[in-house]
Amino acid sequence: TTFNLNAPAPAKTMVQKTNWYWMWMQSESAFVNGLLSGLTICFPVALLVLLVATRNVVVSIAATVSIGCIVVSVLGLCHMLGWELGISESIAGIVVIGVSVDYVVHMGHMYVEAGEMTGEITREGRFRYASEKMGATVLAGAITTAGSGAIMFLCQMGFFAKMAILICFTIFCSFVFSMCFFMAFLAVL
């Protein structure tokens, strides 16, 4: 009430009303902080896990860069669509981090395994082996996952429509970055 006394004339009668939006402010802040913490933790952990799994520094760094490109592309789409970083985007962002790792790791693993399984030492031979052994599997995984995400386009709730867009775009970016950028990077370097 002391605020009203010192306020300009048009604002002297203002009253603060509470509703459920105020209760969600702390939750929304926690979700956003969780996403930012997840992003901060996931890349060093992914690099460490890839180093242990592949025992190859170049493959591990290229895979981590590819994963970063996927996450940045998807979050960039959110920005282009005008979505603010709220609760649903934060939850979806955590999902995006997990999904973006999958195809890159499979292709990197097969690239390294080519040397151990066939004795292949050339980059071109390892590229060919990984593409032949894992390419169709990654494509099938992309089709089925994007298909399951596309079903959510039929939902009427905003959260599920956003999830459909994010899942389908994440799968698209994961496939493109794993098969085009990551594998091309390994073939060249």
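## How the helices pack

H3 and H4 are roughly antiparallel to each other. That is my starting point today. One caution before the details: this is a predicted model.

Let me put numbers on that pair. H3 covers residues 57-80, and H4 covers residues 87-118. Their axes come within 9 Å. They cross at roughly 150°. Angles over 145 degrees count as roughly antiparallel, so this pair gets that label. The crossing of H3 and H4 is right-handed.

Which residues make the contact? On H3, they are Val59, Ala63, Ser66, Ile67, Ile70, Val71 and Val74. On H4, they are Val96, Ile97, Ser100, Val101, Val104, Gly108, Tyr111 and Val112. Sort the residues of this contact by class, and you get 12 nonpolar, 3 polar and no charged.

Stay with one of those residues, valine 112. Valine 112 sits in helix H4. Is valine 112 buried or exposed? It is buried, with a relative accessible area of 9%. Leaving out residues up to four places away in sequence, valine 112 touches Thr54, Asn56, Val59 and Arg126. Take Val59 from that list. Valine 59 and valine 112 are 53 residues apart along the chain. Their C-alpha atoms are separated by 8.1 Å.

Next, the salt bridge. Side chains of opposite charge can pair when their charged atoms come close. How many salt bridges does the count give here? The count comes to 1 salt bridge. The partners are glutamate 116 and arginine 55. Their closest N and O atoms are 2.5 Å apart.

Where do the two partners sit? Glutamate 116 is in helix H4. Arginine 55 is in the loop between helix H2, residues 20-54, and H3. The two are 61 residues apart, and the pair links distant parts of the chain.

Now their accessibility. Glutamate 116 has 46% relative accessibility, so it counts as partly exposed. Arginine 55 is exposed, with a relative accessible area of 57%. Arginine 55 has one more feature to point out. Its phi is near 55°. That is a positive value in a residue other than glycine.

On to helix H2, and leucine 39. Leucine 39 is found in H2. It is buried, with a relative accessible area of 18%. The cut-off for buried is under 20%, so leucine 39 falls inside it. What does leucine 39 touch, not counting residues up to four places away in sequence? It touches Val71, Leu75 and Ile97. Leucine 39 and valine 71 are 32 residues apart along the chain. Their C-alpha atoms are separated by 9.1 Å.

H4 passes H5 in a right-handed crossing. The contact of H4 with H5 divides into 13 nonpolar, 7 polar and 4 charged residues.

H5 covers residues 123-150, and H6 covers residues 158-188. They pack at an angle of about 175°, with their axes 10 Å apart. That makes H5 roughly antiparallel to H6. From H5, the contact residues include Phe127, Val138 and Leu139. From H6, they include Ile171, Phe175 and Met179. By class, the contact of H5 with H6 has 18 nonpolar, 5 polar and 1 charged residues.

One more residue in H6: serine 174. At 0% relative accessibility, serine 174 counts as buried. What is around it? Leaving aside neighbours within four places in sequence, serine 174 is in contact with Ile70, Val99, Ser100 and Tyr103. Serine 100 and serine 174 are 74 residues apart along the chain. Their C-alpha atoms are separated by 5.5 Å.

To recap: H3 and H4 are roughly antiparallel. H5 is roughly antiparallel to H6. The salt bridge joins glutamate 116 and arginine 55. Valine 112, leucine 39 and serine 174 are buried.

How values were computed:
Residues are numbered from 1 along each chain as its sequence is written. This is a predicted model: local features need pLDDT of at least 70, side-chain atom pairs count only at pLDDT 80 or more; totals for chains, interfaces and linings use all residues. Side-chain values use heavy atoms; hydrogens and water are left out. Axes are lines fitted to C-alpha atoms, for helices over the stretch in contact, and angles run from 0 to 180 degrees between N-to-C directions. Helices (H or I, at least four residues) and strands (E, at least two) are DSSP runs, numbered from the N terminus. Angles under 35 degrees count as roughly parallel, over 145 as roughly antiparallel, 65 to 115 as roughly perpendicular and the rest as oblique. Contact means heavy atoms within 4.5 Å. Ala, Val, Leu, Ile, Met, Phe, Trp, Tyr, Cys and Pro count as nonpolar, Asp, Glu, Lys and Arg as charged, and the others, Gly among them, as polar. A crossing is left-handed if the near helix is turned anticlockwise from the far one by less than a right angle, and right-handed if clockwise. A salt bridge is a side-chain nitrogen of Lys or Arg within 4 Å of a carboxyl oxygen of Asp or Glu. Buried means under 20% relative accessible area, exposed over 50%, partly exposed in between (1.4 Å probe, protein chains only).
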